[in-house]
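Let's walk through this structure together, from the confidence of the model to the packing of its side chains.

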Amino acid sequence: MVLMVALVVGAVLAPTLVVGFARRRTRAGGRIVEDLLGDDVVLLDERARCYGLASLPSPQISGPGALALGAEVLLFVQPAPRCEVWVGRERIVEVDARRAHLGAAAVDAMLWVRWRSDDGGSDAAAFAVDDLPRWLDALT
């Protein structure tokens, strides 16, 4: 009987703990963004997900984080594993809505951004964001 009660309580609490952990991770990304950019945040999505950088080898770990647009920078921060993507706004050359990036397809369109890299080439990343039209407007 005690074992059955423990299993029922565990089954009820486990999803709550997992959801709570995921929320803390995404909020942590938002706090990191605020620490890095301060009051310079124009647009922020604390539930964004990065689907990888074109310049890095596959496979890449996509994960939840925070995407922020500042006056001079586009910044994605993923708290765990720690990853930061900094793109100067003056380097952004193309912004689009796409349903695929680096061989990964998505049900909803993603924010796709291509920019000039430091070596003179280009790089690109795709982000799942809550308000895609708002991001497209802000970046174009």
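The paragraphs below take up confidence, then the core, then the aromatic rings.

This is a predicted model, in which local features need pLDDT of at least 70 and side-chain atom pairs count only at pLDDT 80 or more, while totals for chains, interfaces and linings use all residues. Residues are numbered from 1 along each chain as its sequence is written, and side-chain values use heavy atoms, leaving out hydrogens and water.

The protein chain has an average pLDDT (the predictor's confidence in each residue, from 0 to 100) of 77, with 71% of the residues at 70 or above. Confidence is lowest in helix H1 (residues 2-37), with a mean of 46, and highest in helix H2 (residues 132-139), at 97; helices (H or I, at least four residues) and strands (E, at least two) are DSSP runs, numbered from the N terminus.

One aromatic pair is counted (ring centres of Phe, Tyr or Trp, the last by its six-membered ring, within 6.5 Å; planes under 30 degrees apart are stacked, over 60 edge-to-face, the rest tilted). The rings of Phe 76 and Phe 127 have centres 5.6 Å apart and planes at 45 degrees, so the pair is tilted. Phe 76 lies in strand S3 (residues 73-78) and Phe 127 in strand S7 (residues 122-128), so the pair ties together parts 51 residues apart in sequence.
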